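Please keep the model open beside them as you read.

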Amino acid sequence: MARSYFGDLAPIRYEGPESDNDFAFRQYDANEIVLGRPMKDHLRFAVAWWHSFAWEGGDPFGGRSFERPWYPQDTMESMQQKADAAFEMFSILGVPYFCWHDLDVRPEGASFSESRDRLDRWVDAVLPRIEETGVRCLWGTANMFTHRRWMAGAATNPDPDVFAYAAATVKTCLDATLRLGGENYVLWGGREGYETLLNTDMGRERQQAGRFLSMVVDYARKIGFTGQILIEPKPQEPSKHQYDFDVATVYGFLKDFGLENEVKVNIEQGHAILAGHSFEHEIHLARALGIFGSIDMNRNDYQSGWDTDQFPNNVPEVALAYYEILKAGGFTSGGTNFDARVRRQSIDPEDLILAHVGAMDTCAAGFKAAARMLEEGHLEAALTQRYAKWDASEAQTMLAGDLEAAAARVDVEGLDPVPGSGRQERLERLVNRYV
Ligand code: XUL
Ligand code: CO
């Protein structure tokens, strides 16, 4: 019988906006039908194994602040205890998915084959829990940034032996994701970048990254993995500069290696901010380029300039993000993964629960606002009107023609463009009606 980490807390239920029960949802009613589907199927919430169960509360100035019963995380017994607590929390929250790195779920072994064997044993341990609870794997990924072997990169390492080790690691994690029925596979390259250009050949490293991703895609298809392969952009941290800087950069990279129809993006709020963009900018661009896949939902502290991975609690921001996601047609196999951690002083088990409950409510409120924005169509109508002249056949003919033909219109038609208002303040005020 599994030990309870959360004190036999009852599953969180929806009680409505007026509820003063902390352990109840005020906004997230999983079965509420929005735009023709239950909210749970739109939002597709996932818990990140790393932040909730593996991260020990350290920061650059201090070590572990939490005391979980599965510490130290260096035995297969601790793996089991951690998995028990994880599934207990998934059931309390009623989330349909979880996400993981190999290093979060089991300790590394003394050799690669021992590490691989331990990952297999974790999969053996969680498969029955998936069966029993219905909580599934949204995505798996390999941690190729913590161990010192990765310090100069994984696929982009100057040492080809590390490239081989990265291949073995991703192969193993893809195999495990397939066994778990995972719906996506993510690659985030925290060390795929550089610390100084003085020791770096960017052209060469980019080629290595391109070959590696092609190999990953080929292998995934070969083993019958039908889920999405996702790259998670981030401009820096831990590296000074990371090659998967933002959505635009990733798209250029995918095009270069002919992978733009094979690989999509997992966009994280905090990474967008670090890149100098808004979350909705990154989602909007991915949608426009046809590579939107999934999101990591969190928020950064806007003053610190770090990736603080805080739980989301800003409804207007979340609403604009979900508005873009709805315009992309919603998630297919992607979802809302809380790549978020409680603050290091939040040391109680219930802090983990309340952080997720608050985040799920924030997302639900933002999502419902986004759905109303879409349904009422005022923003869309303003957009259609702004570009309406481009629908005319002469405008389309011009676009398909050459520079001289476009230029000739000015003389022939006596053009003298009349500027129109961008109506920004009107639109901003309109958004405030929903949030
Ligand atoms: C790091 C980050 C990662 C990825 C998965 O900033 O977001 O946790 O989501 O490796
Ligand atoms: Co992330």
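1. Let us begin with the overall fold: what radius of gyration does the chain have, and how does that agree with a compact globule of 435 residues? The chain has 23 Å, which agrees with the value near 22 Å that a compact globule with 435 residues would have. (The radius is taken over C-alpha atoms, and the globule rule is 2.2 Å times the number of residues to the power 0.38.) Along the principal axes, the C-alpha atoms fill a box of roughly 80 × 60 × 45 Å.

2. A word on conventions: this is a predicted model, in which local features need pLDDT of at least 70 and side-chain atom pairs count only at pLDDT 80 or more, while totals for chains, interfaces and linings use all residues. Residues are numbered from 1 along each chain as its sequence is written, chains are lettered from A and ligands numbered from 1 in the order in which they are written, and side-chain values use heavy atoms, with hydrogens and water left out.

3. The chain holds 16 helices and 14 strands. (These are DSSP runs numbered from the N terminus: H or I of at least four residues for helices, E of at least two for strands.)

4. Now to ligand 1. Which residues surround ligand 1? They are W50, H101, W139, W188, E232, K234, E268, H271, D296, D307 and D339, where being near means having a heavy atom within 4 Å. This shell divides into three nonpolar, two polar and six charged residues. (Ala, Val, Leu, Ile, Met, Phe, Trp, Tyr, Cys and Pro count as nonpolar, Asp, Glu, Lys and Arg as charged, and the others, Gly among them, as polar.)

5. Polar side-chain atoms meet oxygen atoms of ligand 1 at 2.7 Å for E268, at 2.9 Å for K234 and at 3.3 Å for W50; a polar contact here is a pair of N or O atoms within 3.5 Å. The protein covers 94% of the 290 Å² of accessible area that ligand 1 has on its own (Shrake-Rupley method, 1.4 Å probe).

6. The largest cavity has a volume of about 120 Å³, and of its 14 lining residues (an atom within 4 Å of a point) the closest to the centre are D102, R106, F112, S115 and T169. Both α5 (112-133) and α6 (160-180) supply at least two residues of that lining.

7. Finally, some backbone details to check. The peptide bond from Y71 to P72 is cis, with omega near -10°, and P72 is in the loop between α2 (49-54) and α3 (76-93). Another cis bond runs from E237 to P238, with omega near 15°.

Conventions: A polar contact is a pair of N or O atoms within 3.5 Å; within protein, one must be able to donate a hydrogen and the other to accept it, and residues adjacent in sequence count only if both atoms are side-chain atoms. On a 1 Å grid over the protein atoms alone, a cavity is a set of points where a 1.4 Å probe fits but cannot get out, and a pocket is an open set with protein on both sides within 12 Å along at least five of seven lines; lining residues have an atom within 4 Å of a point. Grid points are joined across faces, edges and corners, and a volume is the space filled by probe spheres set on the points.
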